[in-house]
Amino acid sequence: MTLLGALTLTAGCSSADGTPQGTYDPRPRSRQEVEKEVGDLSSRALGLTRINGKVTEGGPAVSPCGTSEEKKGLRSVRHVWSVYGVDHDALGQGMRSLAAQLPANGWKVMKNGPNPHTKAKTPEVFAVHETTRTQLEASWMDGSDGGEELINFSVYSECFKDTDPE
């Protein structure tokens, strides 16, 4: 999960749709508006899995987009969570359902395939919400590394200029 976290931190301010870096002009937005947007999209993603499992606590969080001078003052909202407590077959079906349902729910699936970072090469899905540009990463961690079987989600916004007062 460390690699996924690192990818999230670096990818949160880039464009997953292939737009060359440097061409994105972050919009002024309210941090609260973006937190709600990311939270709502996270909840909908869980619904698309059709899994009735346990979900880790915590909600969307605001963080800086980076340390470079060009990204100074820019923020991103990220919601990292997992669904667990169900059997192997339910998680597999959940990943298949998520990938199949995303396009009909406004997401462009950028990757739906094996995760090279798991022993079992379990599926991972990367998608971009076509209206909000929010990005989603879902990886099925199959427990082969000794951990609990789960699907790890990272849902994050593009960088934005925070209009909320500090």
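A salt bridge is counted here when a side-chain nitrogen of Lys or Arg lies within 4 Å of a carboxyl oxygen of Asp or Glu. By that criterion the structure holds five salt bridges. The model is predicted: local features need pLDDT of at least 70, side-chain atom pairs count only at pLDDT 80 or more, and totals for chains, interfaces and linings use all residues. Residues are numbered from 1 along each chain as its sequence is written, and side-chain values use heavy atoms, with hydrogens and water left out.

**Overall fold**

The protein chain has three helices and nine strands, where helices (H or I, at least four residues) and strands (E, at least two) are DSSP runs numbered from the N terminus. Their order from the N terminus is α-β-α-β-β-β-α-β-β-β-β-β. Of the contacts (heavy atoms within 4.5 Å) with a separation of 6 or more, 62% are between residues 24 or more positions apart. Of the 166 residues, 43% are buried; buried means under 20% relative accessible area, exposed over 50%, and partly exposed in between (1.4 Å probe, protein chains only).

**Nonpolar core**

A nonpolar core is a set of buried Ala, Val, Leu, Ile, Met, Phe, Trp, Tyr and Cys residues joined through side-chain atoms within 4.5 Å. The largest one has 24 residues, and those with the most contacts inside it are Leu98, Leu102, Leu136, Ala138, Ile151 and Phe153. At least two core residues each come from helix H2 (31–49), strand E4 (74–84), helix H3 (88–101), strand E6 (123–129), strand E7 (135–141) and strand E8 (150–156). H2 gives the largest share, five residues. Beyond its neighbours within four places in sequence, Ile151 is in contact with residues including Ile51, Trp81, Leu91, Met95 and Ala138.

**Salt bridges**

| Pair | N to O distance |
|---|---|
| Glu33 and Arg29 | 3.0 Å |
| Arg29 and Glu37 | 2.8 Å |
| Asp40 and Lys36 | 2.7 Å |

Asp40 and Lys36 both lie in helix H2, four residues apart, about one turn of the helix. Shared partners join Arg29, Glu33 and Glu37 into one network of salt bridges. In the remaining listed pair, Asp40 is partly exposed at 28% relative accessibility and Lys36 is exposed at 52%.
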